[in-house]
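Colleague: I have not looked at this one before. Can you walk me through it?

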Amino acid sequence: MIADFLSQRYSTPVIVENRPGASGGIGGEYVARSAPDGHTWLIAAAYPLATGPLLNGKMPYDPQRDLAPVSLVFSTDHVMTVNKTVKARDLNSFIAEAQAGRGPLRYGSPGIGTAHHLIGEMLQLRTGLDLVHIPYRGSAAAVTDQLAGTIELMFDQLQTSLPHIRSGSVRAVAVTGAKRNANLPDVPTIAEILPGFEAQSWNGIAVPAGTPAALVEKISADIGDALNDPASKAKLVPLGADYAASTPAEMGTMMRAEVERWAPVIRAANISMT
């Protein structure tokens, strides 16, 4: 959507090139090694933009050193859901049920080091619960196993979970944002039980370090116009995430905050992708 909008503004194609692999690290390295001329951008999640070096000591670039933040694109809460094998209807009753000796509870994620995984590890550290992480190749496979009863819970992104919550296939126990989500106003935040607990997924755009500051500011403003365009908003709102541009400084603050939030969790849980 951003590419379509800016292709018209710039009167030249803005090409989206998917470079999958290494949880986004392949694309991240490509951009980090590109010329700092404003022609190559990275749109990615937290691993390529912030937490990668915490999880992978062999990561071939450092996001803080080799990338220049441009703008946030969206953020989204995660929601803790349980299937019908779990009786709990809120976080307090979930903790009580998990501590009552029913054995370890399994939670799925799209892979090691994803927000879905780290949120589960943070909950374990805060509560002492016995939760077992089951990584999958993508969120869809994990959701399928949760619905089938193979795993009991997930900390999935809100927009993925909502259809299953509304159908009654899974039950929402808590959301991970700082405040209750408008899509699930009756579902408490984890922070209401565990103060200070907050986690979201987000995507942002960065360019190679060394890109002239004036050019970075121009690109950031253009992305803001793309996200605020009424036609764009009409396409984005149904997707369920919170779409909002930011200044480069605000995105830089987000990148540093992610490192500070997850570094102690990753160290305590000894998580590594190498």
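Predicted model: local features only at pLDDT ≥ 70, side-chain atom pairs only at ≥ 80, totals over all residues.

Colleague: Which residues of helix 7 are buried?

Modeller: Ser139, Ala142, Val143 and Gln146, in a helix that runs over residues 139-148. Buried means under 20% relative accessible area, exposed over 50% and partly exposed in between, with a 1.4 Å probe and protein chains only. Helices are DSSP runs of H or I with at least four residues, strands are runs of E with at least two, and both are numbered from the N terminus.

Colleague: Why do they line one face of the helix?

Modeller: Seen down the axis of helix 7, the buried residues fall within an arc of 100 degrees, so they share one face. The arc is taken from the directions from the helix axis to the C-beta atoms. In general, an α-helix has 3.6 residues a turn, so residues three or four places apart point the same way.

Colleague: What do the buried residues of helix 7 pack against?

Modeller: Strand 2 (67-82), strand 3 (105-109), strand 5 (153-157) and helix 8 (158-167). Contact here means heavy atoms within 4.5 Å. The face turned away carries the exposed Ala140 and Ala148.

Colleague: And which are buried in helix 8?

Modeller: Leu158, Ser161, Leu162 and Ile165. Their arc around the axis is only 120 degrees, which puts them on the same side of helix 8. They pack against strand 2, strand 5 and strand 6 (171-175). Just after helix 8, Gly168 has a positive phi of about 85 degrees.

Colleague: New topic. At what angle do helix 3 and helix 11 pack?

Modeller: About 35 degrees, with the axes of helix 3 (residues 46-55) and helix 11 (residues 248-269) 9 Å apart. Axes are lines fitted to C-alpha atoms, for helices over the stretch in contact, and angles run from 0 to 180 degrees between N-to-C directions. Residues making the contact include Leu49 and Leu54 of helix 3 and Met255 and Trp262 of helix 11.

Colleague: How many residues are in the largest nonpolar core?

Modeller: It has 45, and Leu49, Phe94 and Trp262 are among those with the most contacts inside it. Such a core is a set of buried Ala, Val, Leu, Ile, Met, Phe, Trp, Tyr and Cys residues joined through side-chain atoms within 4.5 Å. Apart from it lies another core of 16 residues, including Ala68 and Ile223.

Technical notes
Residues numbered from 1 in each chain as written. Heavy atoms only, no water.
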